[in-house]
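Look over the sequence and the model below. The walk-through that follows starts with one residue and then moves through the fold.

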Amino acid sequence: PLKVDLSRSAADVVQQLAFRDKAKSRKLRKTLALLEQDPRHPGLNSHRYSDYDSLYNQKVWESYVENRTPGAYRVFWHYGPDPGEITIVAITSHP
C-alpha cells in the first residue's frame, strides 16, 4: 500500500465532511482507502488533471468520490514527495 498524506486544506475538508455530511464522508473515506491500495482502481476513475500541474509543479491526478451527482466530490493528488507516497492536494466538488 501507498502512504497517503493530506494537505492542510484537504484535511480540513475531511474533518468538515465528518460533521456536515456523513454519507459523503463515508464515500470519501472509501476513496482514500482505495487510493492507498491502488490509485488505478477502476472505481476511482483516476485520470490526469493537467490544469493543476503548474500549480503544484507535479503531474496532478483526479479521482472520483462520487459520479453523476450534482456537486460530486473529487480528490486531486500527486505522487510523492517520497517513493511509495501520494499527497492529496485538494478535495472539492467537481470544478
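Is Ala 11 buried, partly exposed or exposed? Ala 11 is partly exposed, because its relative accessible area is 23%. The cut-offs are under 20% relative accessible area for buried and over 50% for exposed, with partly exposed in between (1.4 Å probe, protein chains only). This is a predicted model, where local features need pLDDT of at least 70 and side-chain atom pairs count only at pLDDT 80 or more, while totals for chains, interfaces and linings use all residues. Residues are numbered from 1 along each chain as its sequence is written, and side-chain values use heavy atoms, with hydrogens and water left out.

Ala 11 belongs to helix 1. Helices (H or I, at least four residues) and strands (E, at least two) are DSSP runs, numbered from the N terminus. The C-alpha of Ala 11 is separated by 12 Å from that of Leu 32, which is 21 residues apart from Ala 11 along the chain.

Two strands pair if DSSP finds at least two bridges between them. Strand 2 meets strand 3 (residues 61-64) in the antiparallel sense, over 2 bridges. There, Arg 48 stands opposite Trp 61 of strand 3. Strand 3 also runs antiparallel to strand 4, joined to it by 4 bridges.

Contact means heavy atoms within 4.5 Å.

Which residues of helix 2 are buried? They are Lys 24, Ser 25, Leu 28, Thr 31, Leu 32 and Leu 35. These residues sit on the same side of helix 2 because they cover an arc of only 120° around the axis. That arc is taken from the directions from the helix axis to the C-beta atoms. Their cover includes strand 1, helix 1, strand 3, strand 4 and strand 5. The face turned away from the buried side carries the exposed residues Lys 22, Arg 26, Arg 29, Lys 30 and Gln 37.

Next comes a residue of strand 3, Ser 63. Ser 63 counts as buried because its relative accessibility is 0%. In strand 4, its bridge partner is Val 75. Beyond its neighbours within four places in sequence, Ser 63 is in contact with Leu 35, Leu 44, Ser 46, Arg 74, Val 75 and Trp 77. The side chains of Ser 63 and Ser 46 are joined by a polar contact of 2.5 Å. A polar contact is a pair of N or O atoms within 3.5 Å; within protein, one must be able to donate a hydrogen and the other to accept it, and residues adjacent in sequence count only if both atoms are side-chain atoms.

Last, helix 3 (residues 53-56) holds Asp 53. Asp 53 counts as buried, at 16% relative accessibility. Leaving aside neighbours within four places in sequence, Asp 53 is in contact with Arg 48, Gln 58, Lys 59 and Val 60.
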